[in-house]
Number of protein chains: 2
Amino acid sequence: MRDLYHEQLDAISDRLVEMTRLVSSAMSRATTALLDADLKLAEIVIEADVAVDEVQRALEESALQLMARQQPVAGDLRTIVASLRMSADLERMGDLAAHIARVARRRYPASVVPPELRSTILQMGHVAERIVTKAGSVIARKDVEVALELPHDDDEMDKLHRELYRTILSPDWKYGVETAVDVSLCGRYYERYADHAVSAANLVVFLVTGDWAAGETEPVG
Amino acid sequence: MRDLYHEQLDAISDRLVEMTRLVSSAMSRATTALLDADLKLAEIVIEADVAVDEVQRALEESALQLMARQQPVAGDLRTIVASLRMSADLERMGDLAAHIARVARRRYPASVVPPELRSTILQMGHVAERIVTKAGSVIARKDVEVALELPHDDDEMDKLHRELYRTILSPDWKYGVETAVDVSLCGRYYERYADHAVSAANLVVFLVTGDWAAGETEPVG
């Protein structure tokens, strides 16, 4: 049987996993809203971001209470502090999904994504969902094996991001400056989203393997 | 006379202030590198970012040791956890300054900033430096009064950011898609830089006034 202390530690981990689910769903819907110029869906994503912030706040509060009342040993302390960092990553991922929804909303009823880029954006959305889902498994099961796949997925995101820039900057681009700027910003949001997911998963790896305070990834752009 | 425990707490705060100095200098140089197409300066900024990361790492290590060994009371614990969040904000600000330097380097020997936007970019650089310098005072002296000025400075940054977009998206824009994309990315980096500085300063306010876990700002873009 687990004691209260370890139950509370587990509850923090559960909240992180819940956050991965929320921001995965947000990104999936934001991608659809962007591709289909769906105003209603975009607004749902923007409004739903409050829920992510609330889970993060609750997580922070329990983490602080746990640290203050239970005086955890060094190892558990690292876990709790790392959880706070992961929650900040996940909260930011929610913001980034909402940013994509905001671009869709701003350009409605026009569509932001020209036909040449639909497939790239769709793939960026899929890679984003795959990465955050894997990050969720890594957090839930302390699964270092799955975490090792993430740099590969992140490379795929970077590749798609470069592909997007190549299309925008090619002499054939005929959609003007505003669309170029909007699409490049969305590209950056997808890439940062993936970076934060990788960073959260890396923190689990460093907790398990003992190498602390790395786990930052920095994109090409 | 202060005891070792409080000396260690102060040392964490000193490291945060040192980080504000480093990222302020980085942003100042990055702006110059961008405006003058100065490759050498851009490379200095990019290389110097390692120093910011090192201070953050040292800060995290001392924070964890302090928490593990001294078992701080609830109030001090909040201060330490908030310091970790601030250090993450400041570390990110270093990244953003380096991103601006990378844009300058990528386009060298061409200049990224067309004449029409030199003044806007220069002002964004100045507002960024002003905000981070004020954030440094807020952290060093727990100065809530100065913190109250920051939303105003941040509004000024948002205004400049909107001005930049208006210029890029006006029918008179004659610098093509690549420059539009580069300039808009730089605009976003300045704006995020300011957001992180405001967020760090807000954490001090919440520590002093007791309202925890807010202190997030979200930009217009």
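1. The contact between the two chains draws 26 residues from chain B and 26 residues from chain A; two residues are in contact when their C-beta atoms, placed from the backbone, lie within 7 Å. On the side of chain B that touches chain A, the elements giving two or more residues are helix 2 (39-70), helix 3 (74-107), helix 5 (144-169) and helix 6 (176-209) of chain B. Helices here are DSSP runs (H or I, at least four residues), numbered from the N terminus. That side of chain B divides into 16 nonpolar, two polar and eight charged residues, with Ala, Val, Leu, Ile, Met, Phe, Trp, Tyr, Cys and Pro counted as nonpolar, Asp, Glu, Lys and Arg as charged, and the others, Gly among them, as polar.

2. A word on what you are looking at: this is a predicted model, where local features need pLDDT of at least 70 and side-chain atom pairs count only at pLDDT 80 or more, while totals for chains, interfaces and linings use all residues. Residues are numbered from 1 along each chain as its sequence is written, and chains are lettered from A and ligands numbered from 1 in the order in which they are written.

3. Now the confidence. The model scores ipTM 0.89 and pTM 0.92. Chain A has a mean pLDDT (the predictor's confidence in each residue, from 0 to 100) of 93, and 94% of its residues reach 70 or more. Please treat residues 213-221 of chain A with care: their pLDDT is below 50, although the stretch has 21 contacts in the model beyond near neighbours in sequence.

4. Helix 3 of chain A is mostly covered, with 26 of its 34 residues buried (20 or more other C-beta atoms within 10 Å of the residue's own; exposed means 12 or fewer, partly exposed in between; C-beta atoms are placed from the backbone).

5. Lys142(B) sits in the loop between helix 4 (115-141) and helix 5 of chain B. Lys142(B) is partly exposed, with 15 other C-beta atoms within 10 Å. Leaving out residues up to four places away in sequence, Lys142(B) touches Val204(B) and Val208(B).
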